[in-house]
Amino acid sequence: TGKRAFIAGVADDNGYGWAIAKSLAAAGAEILLGTWVPALNIFETSLRRGKFDESRLLPDGSLMEIAKVYALDAVFDSPEDVPEDIKTNKRYAGSSNWTVKEVAECVKEDFGSIDILVHSLANGPEVTKPLLETSRKGYLAAISASSYSYVSLLKHFLPIINPGGSSISLTYIASERIIPGYGGGMSSAKAALESDTRVLAFEAGRKHKVRVNTVSAGPLRSRAAKAIGFIDMMIDYSMANAPLQKELSAEEVGNTAAFLASPLASAITGAVIYVDNGLNAMGVGI
Ligand code: NAI
């Protein structure tokens, strides 16, 4: 309660970012969102028109309030990094200050500080290709959008995260076990994200008393997951093989994020926390 959260990677009400925002709002946090520039227009229009009102409903009967939505492209750190074709792209030209550094500056100007930073975004242009068929460009793009984006976000927001604050990202078991179909270097990107979680926990902990954890989530039918193409199979597989044979709800991940951001988790940092109905613990499907 009384905390402020910035959640990067919300562009509709289907993904983990939205569910995390809701759980944090239900716990009394003020919600700021970072929305991918090309998706911003439709997201804000839908919000304004009440399209998400049903899914804004919190347990106490009130609707989640979003204090501000920021345009963000986490692939670019500062304006100097933005190539000409993006600058002049009409989906980008309508927004401004959307590089990571600028967003952090704007949040500081608008609100002064935050307590909770959430990274709920990933992108791998060649995700449907096996690793052996992935190009260098596709692999590096996956790492840039899905791993370095977190290093950059934390780096630029850390000075405005209050001591005792918490940072969370989302990862996937494909980082450590073979999940055929999660290609394009996305498995590599998640491995980097998990390793970075440990190193960043050390650096942010020592420097700013900020905790850094990642949630390894089970399969959810989000927009991003549908683009990979195997999400229904993964949900069925989990239902059939996980210790808990139920569909995973985004809310369960949201609630874990709220716990990790709270003082209840004050000694947890550098951790990969599984929220997957226990599937990670299985050796073989049975
Ligand atoms: P989602 O589609 O709700 O979220 C992904 C978001 O990333 C989208 O809002 C998209 O606009 C945004 N995004 C993409 N590139 C961006 C960029 N350059 N800058 C800013 N935003 C950008 O999908 P989902 O699945 O909820 O993804 C959230 C996180 O959860 C991701 O890290 C994903 O890898 C992770 N995850 C998802 C699982 C699933 O089954 N859905 C399982 C385990 C982890």
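1. In this predicted model, an oxygen atom of the ligand lies 2.6 Å from an N or O atom in the side chain of Ser222. Taken alone, the ligand exposes 820 Å², and the protein buries 93% of that.

2. The ligand is surrounded by 28 residues, and the closest of them are Tyr16, Asp73, Lys190, Leu220 and Ser222. Sorted by class, this shell holds 18 nonpolar, 7 polar and 3 charged residues. Its largest share, 3 residues, comes from α8.

3. Turning to the sheet, 7 strands form an open arrangement with parallel pairing, in the order β3-β2-β1-β4-β5-β6-β7. The edges are formed by β3 (68-72) and β7 (272-275), each of which pairs on one side only, and the twist from one strand to the next averages 20°.

4. Within that sheet, β5 and strand β6 (residues 211-217) run parallel and are joined by 6 bridges; Ser167 stands opposite Val212, a residue of β6.

5. On the helical side, α2 (residues 37-48) lies across both β2 (30-36) and β3, and the helix runs at about 135° to β2.

Key:
Residues are numbered from 1 along each chain as its sequence is written. This is a predicted model: local features need pLDDT of at least 70, side-chain atom pairs count only at pLDDT 80 or more; totals for chains, interfaces and linings use all residues. Side-chain values use heavy atoms; hydrogens and water are left out. A residue is near a molecule or strand if one of its heavy atoms lies within 4 Å of it. A polar contact is a pair of N or O atoms within 3.5 Å; within protein, one must be able to donate a hydrogen and the other to accept it, and residues adjacent in sequence count only if both atoms are side-chain atoms. Accessible areas come from the Shrake-Rupley method with a 1.4 Å probe; for residues, only the protein chains shown count as cover. Helices (H or I, at least four residues) and strands (E, at least two) are DSSP runs, numbered from the N terminus. Ala, Val, Leu, Ile, Met, Phe, Trp, Tyr, Cys and Pro count as nonpolar, Asp, Glu, Lys and Arg as charged, and the others, Gly among them, as polar. Two strands pair if DSSP finds at least two bridges between them. Axes are lines fitted to C-alpha atoms, for helices over the stretch in contact, and angles run from 0 to 180 degrees between N-to-C directions. Contact means heavy atoms within 4.5 Å.
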